[in-house]
Amino acid sequence: MNMEMLFAVLGGLFISLALHWALPHRDTRGTALLGAIGAAVTAVVWSALTWLGWPFDGGWIWVVAIAAGPLVAIAVGLWLPRRRLQHDEELFATLAKG
């Protein structure tokens, strides 16, 4: 059971790491941020699904767990740069006034 979870987390990690280069504005976030988020979400989802009784050797637990991590990483990868650029503009305007 532990090896299956390891492989699922590694799958979520590698897919999420690839998203760093696939999504725009990669200069506004750390290289490993999306990978770390994807791996963490994959691990949490895998654990939750096993607690709910999904068999770890079934197919759907793999699909759901490995898809959940990269989906959350995509959401963060699209939201974070907009928020950071907005915050940088607000900070620049504040500093330019004084």
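Leu 6 is partly exposed, with a relative accessible area of 40%. Here buried means under 20% relative accessible area, exposed means over 50%, and partly exposed lies in between (1.4 Å probe, protein chains only). Leu 6 sits in helix α1, which covers residues 2-22. Its C-alpha atom is 28 Å from that of Leu 80, a residue 74 places away along the chain.

This is a predicted model, in which local features need pLDDT of at least 70 and side-chain atom pairs count only at pLDDT 80 or more, while totals for chains, interfaces and linings use all residues. Residues are numbered from 1 along each chain as its sequence is written, and side-chain values use heavy atoms, with hydrogens and water left out.

Now take the whole chain. It has three helices and zero strands. Both kinds of element are DSSP runs, numbered from the N terminus: helices are H or I with at least four residues, strands are E with at least two. Along the sequence the pattern reads α-α-α. The radius of gyration is 17 Å, well over the 13 Å that the globule rule gives for 98 residues, so the chain is more spread out than a compact globule. That radius is taken over C-alpha atoms, and the globule rule is 2.2 Å times the number of residues to the power 0.38. Along the principal axes, the C-alpha atoms fill a box of roughly 60 × 25 × 15 Å.

How much of the chain is buried? Buried residues make up 32% of the 98 residues. The chain exposes about 6,200 Å², and carbon and sulfur atoms supply 72% of that area. Accessible areas come from the Shrake-Rupley method with a 1.4 Å probe; for residues, only the protein chains shown count as cover.

Next, look at the loop between α1 and α2, where His 25 is found. His 25 is partly exposed, at 42% relative accessible area. Leaving aside neighbours within four places in sequence, His 25 is in contact with Pro 81 and Leu 85. Contact means heavy atoms within 4.5 Å.

The side chains of Arg 84 and Asp 88 meet in a salt bridge, at 4.0 Å from N to O. A salt bridge is a side-chain nitrogen of Lys or Arg within 4 Å of a carboxyl oxygen of Asp or Glu. The structure holds one. Arg 84 and Asp 88 are four residues apart in helix α3, so about one helical turn separates them. Arg 84 is partly exposed at 41%, and Asp 88 is partly exposed at 37%.

Aromatic rings come next. A pair of aromatic rings is described by the distance of the centres and the angle of the planes. Rings of Phe, Tyr and Trp (its six-membered ring) pair if their centres lie within 6.5 Å; planes under 30 degrees apart count as stacked, over 60 as edge-to-face and the rest as tilted. The count comes to one aromatic pair. The rings of Trp 46 and Trp 62 have centres 5.1 Å apart and planes at 75°, so the pair is edge-to-face. It links distant parts of the chain: Trp 46 in helix α2 and Trp 62 in helix α3, 16 residues apart. Trp 46 is buried at 1%, whereas Trp 62 is partly exposed at 25%.
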